[in-house]
Each structure stands twice: as structure tokens, then as C-alpha cells.
Amino acid sequence: MFRSAPPAPSGRRRLLDAARALTTPLLPEDFLTLVDPLWSTSSLRGRVVARRRETDRAVSVTIEPGRAWAGHRAGQYVGVGVDVDGVRYRRSYSLSGPEGSEHLTVTVQEVPGGVVSTRLVRDLPIGTIVELEQASGTFTLPEPLPSKLLFVTAGSGITPVMSMLRTLDRRGTVPDTVLVHSARTPEDTIFGAELAGLAARHPSLRVVTRHSAVTGRLDPASVDAAVPDRAGRAIYACGPAGLLDALTEAWDGVVAERFTPPARAAEGTGGTVDLGGSAVEVAPGQSLLEAGEAAGRIMPSGCRMGICFGCVLPLREGRVRDLRTGEAHGEPGDLVQTCVNSACGTARIDLP
Ligand SMILES: Cc1cc2nc3c(=O)[nH]c(=O)nc-3n(C[C@H](O)[C@H](O)[C@H](O)COP(=O)(O)OP(=O)(O)OC[C@H]3O[C@@H](n4cnc5c(N)ncnc54)[C@H](O)[C@@H]3O)c2cc1C
Ligand code: FES
């Protein structure tokens, strides 16, 4: 999943070449990584350098990435690995900053009972080193830009769209764009003031803000009422599963970004899985990834919903059950997506 590091600037490269001659057989990077984990070219890490409260429940976290960071396109997300009570958890977060930023910023809204979002929002100290993956995802602005755009967002679903709007603002050209955004209350609206400022600066941008505590949840009919020429616009949507399901059912061609997996179709049978040499109990309906993390295993992951293949591990014995279809499958040597497969009796899976 990790891409190779971009070349170091020529001055630094000459310095590294000279140091390499002195430190052989170890690489100078090996020493430097001990001093500063961001120097590593083999693993990508980042250092938390700033936190900004956006609402009572949301915080923007700015991270200085290591040398290997290859940048992002507006709308993409990044995998972040954080230690909570001695266990490394990985979650995906959309990058909310514009393309070309030196530092990367994610904006996280606390999910009640959520392991990682609670930590990121409440108490991640400045200076914390986090694990990173390269940016990925296809929820990005098309090139060339469509002449008319519609963004429909709700809650923390504003984050990838904010990155797009900040990028367009930086470029100085915002096409004819409408953003319909829903938050619970005015106080709960992430980026509320900045969105109003962007609309004031760019006459081609119209921002329609809804508050679900007052007007109820956003649905296709209320978007249509606010945007009479909706049918002629390229539509990008990000928000809760219910909103995205309703929009994609009602209209063709909606490009949607999901933060949570669709409802699981199957419960699975559960079972005992040997995960990297010790047994883990997997409950019916629980994914191998959830069971492994709950048992304190360091599990690779990305989107956690069967899209990115960042969680695949080799099955050595037994079979697994796909939680999306209910189908039992797998032969020794197969790579299985641990985020969408549960146990199906006993099995053995290797950890990296
Ligand atoms: C591509 C992508 C981009 C994302 N971008 C962002 C972002 O920019 N900002 C952001 O705040 N989150 C974003 N998320 C969601 C994020 O990855 C986590 O799922 C979220 O922070 C909850 O993680 P947790 O560890 O706190 O909760 P967990 O401990 O994993 O889950 C606790 C409970 O909350 C439920 N739950 C999990 N996620 C959500 C959610 N998003 N909304 C409601 N309930 C949930 C779970 O089903 C579970 O019942 C993104 C997810 C994806 C796949
Ligand atoms: S974590 Fe993305 S496919 Fe499993």
C-alpha cells in the first residue's frame, strides 16, 4: 500500500550520499529515524503539530507528514494509525486541507463510544507520532471541471468537500457551484463561518445550510426544492448512509463517499480463528478485523468497508464467511479481506 519515497532535494541527497559512505553497512536514515521518526523512508509517520476546535464535537488535527508523504488530491482520505490503551487502531479520515498543503489536516467528529474519534477529538497531545498511509480514494474533482456542480453533505461529510472548495478557492476559479449542507444545529456546523466567507468571496458559489434539529433530515426532495436546476449539475455527496442511499436511489450519476459501511447482509457463524499464532474468538456477525483489534492484535486496515483492500491477510487453513453476501469461501493461500469477512468455524490466518 505504501508508495516509495519521493527523491530528497539535491543538497540533502548529496549529504545523505556522503553520510551513507561513513555509516555503511547501516544507512544514515536508520540513525536519523531514531532521532526523528519522520525521516523514515520505509514507514510513513506523522507528527501532530496543531489542533483546532471546530465545534463541541469536532476538531481539525494538523499533522506534519514524514518524508515519504506523496501529497493528496482534494477529496481523498488518509489512513491514520493511533495507539489507544496499547492497541494500534487504524481509521480513514478525509483530508480537509487544500491540495498542495505542506502539512495534512483531518477534521474528525466524535462518534459516541468511538475508539479513535474520541481520542482524536478529546485528548491527542501535540507532538504525538501517528502512523500514516498514503492518500487514496476516487472521490475527487474530475479534470476538466464540470461547468455546474452540486455538493450535498451532512455532518462530518463536509470534510472532503471542504478540501475541494479550499482547492478551488486557492486556484481562484470556482465554477457554478451549490453546496447544500446539513448539520444538527448552527453550533454543530463544521466550517460554518468559513463556508459563508467562501460564498461571499465567490459569487459563483451558493451555500445552503440546513439544521436538522429544526427542519429535519436532508432528503432528495428538500435538495430539489433548494436547487431547481439540480438535474443539470454533476453531483457529489458525502454524509450518513441513509442520506447517500436516498440520493443514489433517487438520482442517476451521484458520486458518493461513504464513511460507514452499508448494513451487513449476513450474520456469519463465528468461530475460533488462529490469528498470527494465537486464538481469537470471532462472534457471529463480527468481522475478523474487529475481533482481532478487540483482542489487541495489530491488524492492517483502511476503509473498513471492503473497498480499499488494505486489510487483506493470507488464509492458511479453514474458510471464512463474507458478511456482505453470507457466502462461505476461501482456500489455503487465498487473501481475505478481514474487514468484511467473519469466521466460519475454525481457521488460521497469518499476520504480517
Ligand atoms: C473514506 C472515509 C473517510 C472518512 N472521513 C472522515 C472524516 O473526515 N471525519 C470523520 O469524523 N470521520 C471520517 N470517517 C469515519 C472514520 O473513519 C471512523 O469510522 C470514525 O471516526 C469512527 O471511528 P471510531 O474508532 O471512533 O469508532 P468505532 O470504535 O470504530 O465505532 C464505534 C461505533 O460507532 C459506529 N460508527 C463508526 N463510524 C461512524 C460514523 N462515521 N458515524 C456514525 N457512527 C459510526 C460503529 O458502527 C460502532 O457502532 C471516514 C471513513 C471513511 C471510510
Ligand atoms: S479495510 Fe478497506 S477493504 Fe478492508
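Helices α4 and α5 cross in a left-handed way; that is, the near helix is turned anticlockwise from the far one by less than a right angle. Contact here means heavy atoms within 4.5 Å. The α4 side of the contact is Ile158, Met162, Leu165, Arg166 and Asp169, and the α5 side is Glu194, Leu195, Leu198 and Arg201. These residues divide into five nonpolar, no polar and four charged. Asp, Glu, Lys and Arg count as charged; Ala, Val, Leu, Ile, Met, Phe, Trp, Tyr, Cys and Pro count as nonpolar; the others, Gly among them, count as polar.

This is a predicted model, where local features need pLDDT of at least 70, side-chain atom pairs need 80 or more, and totals for chains, interfaces and linings use all residues. Residues are numbered from 1 along each chain, chains are lettered from A and ligands numbered from 1 as written, and side-chain values use heavy atoms, without hydrogens and water.

Now the ligand. There are 21 residues around ligand 1 (a heavy atom within 4 Å). Arg91, Ser92, Tyr93, Ser117 and Thr159 come nearest. The shell holds nine nonpolar, nine polar and three charged residues. Strand β4 (a DSSP E run of at least two residues) gives the most, with four residues.
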